[in-house]
Amino acid sequence: MLLNMFLTIVRKEITRFMRIWTQTLLPSVITTILYFIVFGAFIGSQVSDVDGYSYMAFIVPGLIMMSVINNSYSNVVSSFFSQKFMRAVDELLISPTPNFIILTGYVLGGVLRGLIVGGLITATSLFFVDFHIYNLTWVILLFVLTSLFFSLAGFTNAVFARKFDDVSIVPVFILTPLTFLGGVFYSINALPPFWQVVSRFNPILYMINGFRYGFLGISDVNVFFSLGILVVFTVVMYVFNLVLLKKGVGLKN
Amino acid sequence: MNAIEIKDLIKTYPPGIKALEGISFIVEKGDFFALLGPNGAGKSTTINIICSLVNKSAGQVKVMDFDLDKDDLKIKSLIGLVPQEFNFNIFEKVIDIVVTQAGYYGIGRRQAEEKAEKLLRKLGLWEKKDSVAQKLSGGMKRKLMIARGLVHEPEILILDEPTAGVDVETRREMWDFIKELNEQGKTIILTTHYLEEAEQLCRRIAIINNGRLIENTSIKDFLNKSDEETFVLDIADQVGSLPKVDFPLKRINSTTLEIKIAKKDSVNYPIKILDQAGIKILSLRNKTNRLEELFIKLTKKE
């Protein structure tokens, strides 16, 4: 019975993002191709190797992670908020579907979109650069944990959002700057000492570097610390969302 | 066993707006129950609390002996709600909307499709199963909401203004369908602004006004409280001045009069008097239905 409830939500989520694939899957691939061309081929050819890898190879993990973060987050926030906006979420709230199934179902939708987009970008990157994955287990672990965390964060945003503007505030004003400053395009070792310290307060730095370690075997930070932070944040976000659902914050009253 | 027991239910919305001020009532199993009240009276709040869409501030809600505070998931599986507003994804197919809803109740895909087919056929929507909901007429959308509310075969069906904005023919069809459900043993709770609908369908009635329960009785007993009726008379010729009579008589326009008659009195007497005064009556009808008259009187008094 619980499995049927769970599968219903996940199926609904997959159907939603596949139905509008030109809005959900394609843009990230196009944007990443442009990054590869501009930053990788044009500008990257002027840049020397980073930690023994070509600049193009160096930015691949960051670009994949950037798309995974954006897609996981935006899938859950837009899907759950639009359900809330149309009051369609009421049909879920009046049903006996437990809160953890609602949360896990929506989050898995975000994770799957993140994985599909990440897979598409990884495949696309092979046209631009030849690379071998250093540690596949690590790549999958970081991939899944990062998309889980950002799907959960998207859910929180959707719960608190009251209008469509609230849905775009976090991605535009918080996620994008943190991602760009999280070491997608550079190693923080290239920064002055002060900015290196500041960068270490950016959680996305740990995710990108952890992922880069899985891909290339190099990282600016301790990868086990990255993994630990990610696990802790994910668990905290999951519990926090469950509390929000239990109290009905933004959904009831 | 009662279908629903509500005791001292209080709801206060921030920043202190009292929506419900301690209402109590019982809905018996198998009943056809009308929950009436003017806009903003607290009907939807009551329904939403029963359906777990709003958190109560105080009081007790029991559904089929299950306490909302302890067994909310069990209660949710017993209730089907047909909300007033269309709240489905208009870009989804009709069949998908119903099957997805069944899934929320733990029903497997194949079984959900069978149940959805049965309901959509019964409600005359099967031909539209692959249409997106956006393409449906207003009446069809209402029927879709009913199909969705029934797909998990709830014991109790709550209908919040189910016939709002639908044409007369569709309304009658829906009445017949809902009556049939009640005859099969489902408990029905209905809120409506069409008091004729409540009078025709329901056995018991509760009226909420300003968050308080002001009436809770059988429709029959309630209607017996009416002490007078208003009739509208269409007359053949224009009347100059009204004759002096010993019952309330009012001119609406040159060819329409209005009379009030005590419920215990016969309508023959005023007609005879008006006939003697040379007024030829072409037709006679109730100004409003009886329930409506009482409802207005009660809620105004409050």
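Five bridges tie strand 11 of chain B to strand 14 (residues 281–286) of chain B, and the two run antiparallel. Strands here, like helices, are DSSP runs numbered from the N terminus (E, at least two residues, for strands; H or I, at least four, for helices), and two strands count as paired if DSSP finds at least two bridges between them. Within this pairing, V232(B) has R285(B) in strand 14 of chain B as its bridge partner. Strand 11 of chain B also pairs with strand 13 (residues 256–262) of chain B, again in the antiparallel sense, over seven bridges. There, E228(B) sits opposite A262(B) in strand 13 of chain B.

A word on the model itself: it is predicted, with local features needing pLDDT of at least 70 and side-chain atom pairs counting only at pLDDT 80 or more, while totals for chains, interfaces and linings use all residues. Residues are numbered from 1 along each chain as its sequence is written, and chains are lettered from A and ligands numbered from 1 in the order in which they are written.

F247(B) is found in it, between strand 11 (228–235) and strand 12 (249–253) of chain B. Leaving out residues up to four places away in sequence, F247(B) touches I259(B), K260(B), I261(B) and P270(B); contact here takes C-beta atoms, placed from the backbone, within 7 Å of each other. By contrast, the C-alpha atom of Q84(B), 163 residues from F247(B) along the chain, is separated from that of F247(B) by 42 Å.

Stepping back to the whole of chain B, there are 10 helices and 14 strands. Its C-alpha atoms fill a box of roughly 75 × 45 × 35 Å, taken along the principal axes. Of the 302 residues of chain B, 38% count as buried. Among its contacts between residues at least 6 apart in sequence, 68% join residues at least 24 apart. UniProt, in an unreviewed entry, lists residues 4–235 of chain B as "domain: ABC transporter"; its positions follow the numbering used here, feature names are shortened, and annotations may be inferred rather than shown by experiment. That span is 35% helix and 30% strand, and its end C-alpha atoms lie 50 Å apart.

Chain B also has an open sheet of four strands, in the order 2-1-4-5, with antiparallel pairing. Strand 2 (17–28) and strand 5 (66–67) of chain B stand at the edges with a single partner strand each, so one side of each is left without a neighbour in the sheet. Strand 4 (residues 58–63) of chain B is joined to strand 5 of chain B by two bridges, and V63(B) has F66(B) as its bridge partner. Helix 1 (residues 43–50) of chain B lies across strand 1 (2–13), strand 2 and strand 4 of chain B, at about 115° to strand 1. Angles run from 0 to 180 degrees between N-to-C directions, and axes are lines fitted to C-alpha atoms, for helices over the stretch in contact. Helix 1 of chain B is mostly covered, with eight of its eight residues buried. After helix 1 of chain B comes S52(B), with a positive phi near 65°.

Where the two chains meet, 23 residues of chain B are in contact with 21 residues of chain A. Helix 2 (72–78) and helix 3 (94–104) of chain B each supply at least two residues of the side of chain B that touches chain A, and the largest share, four residues, comes from helix 3 of chain B.

In chain A, the axes of helix 3 (residues 26–43) and helix 6 (residues 99–125) come within 10 Å and cross at roughly 35°. Among the residues that meet there are F36(A) in helix 3 of chain A and V117(A) in helix 6 of chain A. The unreviewed UniProt entry gives "transmembrane region" for several stretches of chain A, including residues 135–155 and 223–245. Residues 135–155 of chain A are 95% helix and 0% strand, with end C-alpha atoms 30 Å apart. Residues 223–245 of chain A are 100% helix and 0% strand, with end C-alpha atoms 33 Å apart.

Terms used. Buried ≥ 20, exposed ≤ 12 C-beta atoms within 10 Å, placed from the backbone.
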